[in-house]
Amino acid sequence: VNANSSAGRLGTLYTWGGASLIVRHVSALLGVSIHQYVVIDMSTLAELIDIFGGVDLYVEENMDYEDAQSGLEIHLGQGYQHLDGKQTLGYLRYSSEKLGDVGRVQRQQKFIKAFYSRVLQLETIAKLPAIADIFKNKIETSAEIFDSAHLANVLRRMSSDAPTTVMLPGTENSLGIWEPNFKEIDTKIKELFPVQDIVDEST
């Protein structure tokens with residue numbers, strides 16, 4: 001996504017200025033305050049998925065892709081599957097000729113909901129020490145997550161409803177980059193975060 005003409009693609013901002021720069025630009029793009037963030041690399045995400053015992057996803061089409069230079073190999077058959085960490089990364093990174101980046105974003109949204117449901121399962125409690133170890137040693141976050149007891153408290157407060165995921169309003173340009181539509185973004189943000197909700201929360 002192009003945040004704006006001066007910032008360039010959001011995907012490059014972390015390299016330039018880390019999480020703080022990403023947070024600043026995303027906050028400006030959406031017009032909302034971002035209080036917490038989590039930075040996790042791909043290998044750690046795969047490890048975290050494996051700790052939870054994998055995730056159930058529907059693979060929309062046969063996915064076959066190999067890149068010897070990057071070491072990326074994706075071989076998944078169409079249909080409902082239980083994916084481990086490595087397979088899930090392939091599912092998330094695959095870009096088909098039909099939908100390209102848009103399809104990849106849609107799959108990432110499906111994963112977020114499926115993984116969220118996995119986190120809420122009772123078996124998660126026994127895995128909290130291993131999860132806390134990953135947060136302590138392999139994840140960059142602004143949240144004060146210290147140990148399994150703190151994570152257990154976070155888990156208790158999580159809603160049973162799946163998180164809402166939204167495609168950023170915009171259009172794909174000739175270079176395949178998603179250009180935001182700022183007017184539609186403003187409308188969507190007001191739908192997601194009504195002023196009355198903000199007033200009630202502060203009250």
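1. The model is predicted: local features need pLDDT of at least 70 and side-chain atom pairs count only at pLDDT 80 or more, whereas totals for chains, interfaces and linings use all residues. Residues are numbered from 1 along each chain as its sequence is written, and side-chain values use heavy atoms, with hydrogens and water left out.

2. The protein chain contains eight helices and ten strands (DSSP runs numbered from the N terminus: helices are H or I with at least four residues, strands are E with at least two). Its C-alpha trace spans about 45 × 45 × 30 Å along the principal axes.

3. Of the 203 residues, 31% count as buried (under 20% relative accessible area, with a 1.4 Å probe and protein chains only). Among contacts (heavy atoms within 4.5 Å) between residues at least 6 apart in sequence, 55% join residues at least 24 apart.

4. The largest nonpolar core comprises 30 residues, and L57, M63, L76, Y91, F111, F115 and I131 have the most contacts inside it. Such a core is a set of buried Ala, Val, Leu, Ile, Met, Phe, Trp, Tyr and Cys residues joined through side-chain atoms within 4.5 Å. Elements that each supply at least two of its residues include β4 (55-59), β6 (72-76) and α4 (100-119). The largest share, five residues, comes from α5. A second, separate core has eight residues, among them L10, L21, L29 and I189.

5. Which residues does M63 contact, leaving aside its neighbours within four places in sequence? They are I74, H75, L76, Y91, Y94 and R107.

6. I139 lies in the loop between α5 and β8 (140-141). Because its relative accessibility is 10%, I139 counts as buried. Neighbours within four places in sequence aside, I139 is in contact with V38, V39, I40, T44 and I134. The C-alpha atoms of I139 and L45 are separated by 9.4 Å, although these residues are 94 residues apart along the chain.

Methods: Buried < 20%, exposed > 50% of the residue type's maximum accessible area, 1.4 Å probe, protein only.
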